[in-house]
Amino acid sequence: MTARTTQTTDQLLREVRACTICAAHLTHGPRPVLQLHPDARILIAGQTPGRAVHSSGVPFDDPSGDRLRDWLGLDKAAFYDPRQVAILPMGFCYPGTGKSGDLPPRLECAPAWRAQLLAQLKQVALTLVIGQYALAYHLPDAGASVTDAVQNWRMHWPAVLPLPHPSPRNNIWLKRNPWFGADVLPALRQRVAEVMATGGGDLTRTAEPVAARRTVT
Ligand code: SF4
């Protein structure tokens, strides 16, 4: 990593954190929540912050994060180390709540920022693609549904892994799909441990080329 790269990343992060592109649609106002450093080796491509994360400004600072860290076998110190883990939801600001729960990520966000931010990540060895919106961007050919994509998890393994959202709202999905805990999670924990210990894996097979080509409409 060069000093120039760090400068570019820092400038980009300042611009993202000052973003107000879709402020008129955000009932709680803009507060972009993301974590990124060019050295990161694990990328978490998530959905969008919820209300608790909007309040704290800390990604996955909620029950979803507790479950996700358990899935990964990471404590908070490792999870919140930006040189290890990059966290880029599809929408960086809390979009508010609708009749059936949190609203989807704002559609303006990914086209404005995602390709530029992903281009900063040259060391990613494992990309975790969480939920339908991140799947549509990173793995558009992964399956018709999140369940299909997760069931076909070996398609992109070990560089990219589709995951269901770790929200407590998905408890029923987790109960109905016991193979996820039996097969996927042990493989995921082992892969995370390898990546954290070795500083990477096969860097030729990341989700970045797909993401860089895709335009979200
Ligand atoms: S959601 Fe994205 S595009 Fe909208 S204000 Fe936040 S950072 Fe900007």
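This is a short tour of the structure, from the whole chain to the sheet and then the ligand.

The model is predicted: local features need pLDDT of at least 70, side-chain atom pairs count only at pLDDT 80 or more, and totals for chains, interfaces and linings use all residues. Residues are numbered from 1 along each chain as its sequence is written.

Select the protein chain. It has 10 helices and 6 strands; these are DSSP runs numbered from the N terminus, helices being H or I of at least four residues and strands E of at least two. Of its 217 residues, 38% count as buried, that is, with 20 or more other C-beta atoms within 10 Å of their own, C-beta atoms being placed from the backbone.

Next, select the sheet. Four strands form an open, parallel sheet in the order β2-β1-β5-β6, where strands pair if DSSP finds at least two bridges between them. At the edges are β2 (85–89) and β6 (160–163), each pairing on one side only. The twist averages 15° from one strand to the next.

Now select β5, residues 126–130, which pairs with β6 in the parallel sense over 4 bridges. Look at Thr127: opposite stands Val160 in β6.

Finally, select the ligand. Around the ligand are 15 residues, of which Cys19, Ile21, Cys22, Cys93 and Cys109 come nearest; a residue counts as near if its C-beta atom, placed from the backbone, lies within 6 Å.

Conventions:
Buried ≥ 20, exposed ≤ 12 C-beta atoms within 10 Å, placed from the backbone. Axes fitted to C-alpha atoms, helices over the stretch in contact; angles between N-to-C directions.
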